[in-house]
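Work through the following exercises with the sequence and the model at hand. Each task is followed by its solution in steps.

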Amino acid sequence: MRIAFLMAPEGVEQIELTDPWHAVHDAGGEPVLLSTRPGRIQAFNHLDKADVFPVQQVVGDASADSFAGLVLPGGVANPDALRMDEQAVSFVRDFFEQGRPVAAICHAPWTLIEADVVRGRTLTSWPSLRTDIGNAGGTWVDEQVVVCEAGPATLVTSRKPDDLKAFREAFLPEFLKRG
């Protein structure tokens, strides 16, 4: 079970990367860190720099069909940068077109909006994305975790780091079905 973790070179909320990463690893999966540039990514604890993590694959060299699922961690700057990178947006869109599960937390749905994959779906996020999701044709709800199967790919979304336990418990079974 190879799971892609996609993030920008800077700005990911560290716990939203490391917690799901460990969950995938502990379930016997292989988490793979992808970014828009080679080298390392700089994680953050809110607005403070945290740890750096090595990029294992550049998203432009990756293919969705080599992964069982995709995790999009949040942080404000991370998805804002990803949505400006056409290769990252295309990679995300490919998961939906291929019916592969995607899990997104916090601000990560900004990248989903840019990929035009929220129309007709119900999801949650950090509350400030409510209007963006609605404008993109999705339905926003204020729940700990939402599993939406209203399309070829299952979409699991969550609001914030406090919801990580529910997020893990929702996305792992979806990934295991594909892995």
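Rings of Phe, Tyr and Trp (its six-membered ring) form a pair if their centres lie within 6.5 Å; planes under 30 degrees apart count as stacked, over 60 as edge-to-face and the rest as tilted. The model is predicted, so local features need pLDDT of at least 70 and side-chain atom pairs pLDDT 80 or more, while totals for chains, interfaces and linings use all residues. Residues are numbered from 1 along each chain as its sequence is written, and side-chain values use heavy atoms, without hydrogens and water.

**Exercise 1.** State how many aromatic pairs the structure holds, and classify the pair Phe167 and Phe171.

*Solution.* Step 1: the structure holds five aromatic pairs. Step 2: the ring centres of Phe167 and Phe171 are 5.0 Å apart and the planes stand at 70°, so this pair is edge-to-face.

**Exercise 2.** Locate Phe167 and Phe171, and classify the pair Phe171 and Phe175.

*Solution.* Step 1: Phe167 and Phe171 both belong to helix 6 (residues 164–178), four residues apart, about one turn of the helix; helices are DSSP runs of H or I with at least four residues, numbered from the N terminus. Step 2: for Phe171 and Phe175, the centres are 5.1 Å apart and the planes are at 45°, so the pair is tilted.

**Exercise 3.** Is Phe171 buried or exposed?

*Solution.* Step 1: buried means under 20% relative accessible area, exposed over 50%, partly exposed in between (1.4 Å probe, protein chains only). Step 2: Phe171 has a relative accessible area of 0%, so Phe171 is buried.

Technical notes:
Helix = DSSP H or I, 4+ residues; strand = E, 2+ residues; numbered from the N terminus.
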